[in-house]
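Student: Could you take me through one part of this model closely, the place where the two chains meet? I would like one connected account that I can follow on the screen.

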Number of protein chains: 2
Amino acid sequence: MPRLPTVTDVARAAGVSRQTVSNVLNSPEVVRPDTRERVERAIEALGYRPHASARRLRTRRSSTIGIRLDPFANGISGAVLDRYVHALTERAAERGLRVLLYTARSPEEEIEQLRSLIEGADVDAFVLTSTFRGDPRTGWLLEHDVPFATFGRPWDEDDVGTPRYPWVDVDGAAGTAAATEYALEQGARRVGFLGWPASSGTGDDRERGWRETLQAHGVPADGLRYTVEEDVPQARRAMTRVLSRDDPPDAVVCASDSLALGAHLAASDLGRSNLLVVGFDNTPVADALGFASVEQLPDQIAAGTLDLLMGSRSRAVDRARAAPRPAHLLVTPRLVRR
Amino acid sequence: MPRLPTVTDVARAAGVSRQTVSNVLNSPEVVRPDTRERVERAIEALGYRPHASARRLRTRRSSTIGIRLDPFANGISGAVLDRYVHALTERAAERGLRVLLYTARSPEEEIEQLRSLIEGADVDAFVLTSTFRGDPRTGWLLEHDVPFATFGRPWDEDDVGTPRYPWVDVDGAAGTAAATEYALEQGARRVGFLGWPASSGTGDDRERGWRETLQAHGVPADGLRYTVEEDVPQARRAMTRVLSRDDPPDAVVCASDSLALGAHLAASDLGRSNLLVVGFDNTPVADALGFASVEQLPDQIAAGTLDLLMGSRSRAVDRARAAPRPAHLLVTPRLVRR
DNA sequence: TTGTAAGCGTTATCAG
DNA sequence: CTGATAACGCTTACAA
C-alpha cells in the first residue's frame, strides 16, 4: 500500500500552498471559486482524505463521543438501548462525529474509563445511559468540566428542578396514557396496570399516565394496579392470579414488554386470548407475539441528544461553556397498535 | 480546566529529558530502575496521560478497530450480535484497543465507510459480521490490504477450503448435536428439527448436527424435518400443524430462538407443555420462557477474533502481512439446559 | 543510559 | 485571497 496522500501532495498537484488546501476543506467560502475547484479536483484525483489523528492533534478535538455498552443484557428490553446506540451512531455520522465504545462493570470502573478517554483526548464528550439516583458519574463529569448529556432524566431531588446538565428522556406517562386510551377505545371497561413495586422514577412516571387517563375518563382505577418485579415468570404468575379473580381486567397496560409477555402468557394459559395487553419498549417480542407496545423512538432520542450536546446546527461539541443552558428534551413515544 | 500535562511537563518534574519519559512508557526495560521510578512518580503526581491522537499520528496506528452496528434489529436473536460487540469491546480494552462504531444501510455504503475510516487512519482493522455469499466487503478489504477478521465463515466456494482471511464462527452442528443428545437423554423418542427453508450455510450446518446425532443413535429422522421462515407466527402455525398429526414429535430442536418461541407457543396453545423445545442463541426469551437453548459464547468468539487479528499475545494489529496465515477458529457452543 | 533533533499531517497566525 | 512559518504532543533514530 503506497503512502496515503497528504495536504502537501494535494497542494503540489493543484499548484497551491498547503494552507489553501486546508482552507478549501475547512472554510471553503474564503477561497476563490476557481482555485477551490482546482483543489477539489486534485483531492478527487489523488483520493486524498484528511488524517483524523493529525487533525485531532492540531484542533484539540477528537470529534468523537464515548458511550458505554451496557453489560446487563437487560432482558428482553435490552434491545431499546441497542437501537439507541445504533441511532446515535447514525446521527452522529451525519454531523461528522464518530462513536467510541467502552465498557465498565461498576460506576467506579466507569469513571476510570471516562477519565482515561477524556484525558487521552479520545473523545470530546460522553453520552451516559441508565442514570440512577446518586449517580457518581454525572458529578465527576461536571466537576471535570467534561461535556456530556444523559439519556435518562436526573433522579436526584436537587436536579429535577434545575438540572445541571442536559438530558433527554422518554415521556413515559404520555406513552402509558396513549396505551390506556387505546384500551378504552377498543372497548375495555376495566383497564389494569402491571408495574414494578419499588418506587422507581421510571415506574412512577409510567403508572401516572395510566392513572390520569382513567381519571380523565371517569373510570375507576381501584384494585387494578398490579405489582411485580421485572421478570417474566413472576408477571405470568401474578397475572394468572389476577385473571382468576371475580372481576378480572379486560385490558392491562404494562410498564415493560417483559411484564407484557408475562401477561400475554398468563392470558394464553387461561384461554383468555381476548385480554388486551399493551407493552412498553416495542421489542421484537411484542412484534412476534402481536401485542401492542409503546415505541420509544430511539432515533428521535438520539437526534435530541446530539442537539443538546452540540447545538442544533453545529458540527462540533460545545466545548465552551458559553451556552451552558442545561436544556432537556422529553420525547413523546408512539403507540404501535397491533 | 488547566492544560493537560505533557511529556515535557513530566520530564521537567522528574528532572529528565522528554525521551526518557517516553521510554519509561514504551520501553521501560531500557531505563534505569531508579530513574524509571522517579518518572513514574512524576506521572502519577501530575496525572499525566499520553495524548492518544499525538501518539497515533506519530506511530501511524490508531489502536482502534471498527465494527458495524447492525441496522436490522434482527428480531429476537439480535441480542447475540450485541453481546458479541460488548465482549469485543471488553477484550479489546484488555489489549489496549478501542472499538469504534459505524453504520451502513447497504454493502456499498459500508465499503464507503470502510474506506473513510481506514484512509482517515481512524482504525487499524475491522471486524466484519453477518458475512454472506458474494460479500463484496471482504474482497475490497483484501484488495486494499486492510487487516480484518470476520465473525461468520466465508460462504463462497473458493474460500471455504483455503480462506483468504481469518474468520471465527460458531460450530452450529456441535450445538444442535448437543441439543439433540439432550433431548434423547430426557427420554424423547421422536426428536424433530425446525429450521429454515432456503439452503443457507448456517441453517444446513445446524441441521446436520441434529441429523448426524440421530443417525449415531440409530434413531430415524424421517418426516421430522420441518421448515419455516425465521418468523415467530409462522413457526407457531407450522408447529401447531405438526403437533396435531398422528405421530407428533416429543421434542424439537430449533435453528433459532425465534423458531423455538413459535414452537413453544404452539405446544402451549395445544396444552402440550411436555413438548421439549430447544432453541439456538440463548436469548433473553429462552430464559424468560424457560426453554433450553444453545449459547454461542460471545466472549470466546470475541477473544478468538482478536487472537486472529493480533496474534495471541501482541498488543497491536498485525499490520505486516508477515504472518499472513489466514487462520480460523470454530467455537463450540454450549447448551444451556433449563 | 540519557539527551538532541527531526518529523508525523494538520490548522492558526500573520505577512504578503 | 494566498503562502510561509510555527506549533499540536508524541516517538524514533542517532549522538553524547
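Tutor: Start with A:R56, which forms a salt bridge with B:D122, the closest N and O atoms being 2.8 Å apart. A salt bridge here is a side-chain nitrogen of Lys or Arg within 4 Å of a carboxyl oxygen of Asp or Glu. By that rule, 10 salt bridges cross the interface of chain A and chain B.

Before we go on, a word on conventions: this is a predicted model, in which local features need pLDDT of at least 70, side-chain atom pairs count only at pLDDT 80 or more, and totals for chains, interfaces and linings use all residues. Residues are numbered from 1 along each chain as its sequence is written, chains are lettered from A and ligands numbered from 1 in the order in which they are written, and side-chain values use heavy atoms, with hydrogens and water left out.

Between chain A and chain B, 14 residue pairs are in polar contact, both residues at pLDDT 80 or more. A polar contact is a pair of N or O atoms within 3.5 Å; within protein, one must be able to donate a hydrogen and the other to accept it, and residues adjacent in sequence count only if both atoms are side-chain atoms.

Which elements of chain A build its side of this interface? At least two residues each come from α4 (52-59), α5 (78-94), β2 (98-102), α6 (107-119), α11 (232-243), α12 (257-269) and α13 (284-289) of chain A. These helices (H or I, at least four residues) and strands (E, at least two) are DSSP runs, numbered from the N terminus. The most is given by α6(A), with six residues. Sorted by class, the side of chain A that touches chain B has 24 nonpolar, 13 polar and 13 charged residues. In this sorting, Ala, Val, Leu, Ile, Met, Phe, Trp, Tyr, Cys and Pro count as nonpolar, Asp, Glu, Lys and Arg as charged, and the others, Gly among them, as polar.

Now take both sides together. Chain A brings 50 residues to the contact and chain B brings 50 residues, where contact means heavy atoms within 4.5 Å. The area buried between chain A and chain B is about 4600 Å², and carbon and sulfur atoms give 58% of that area. Buried area is the accessible area (1.4 Å probe) that two parts lose on being put together, summed over both.
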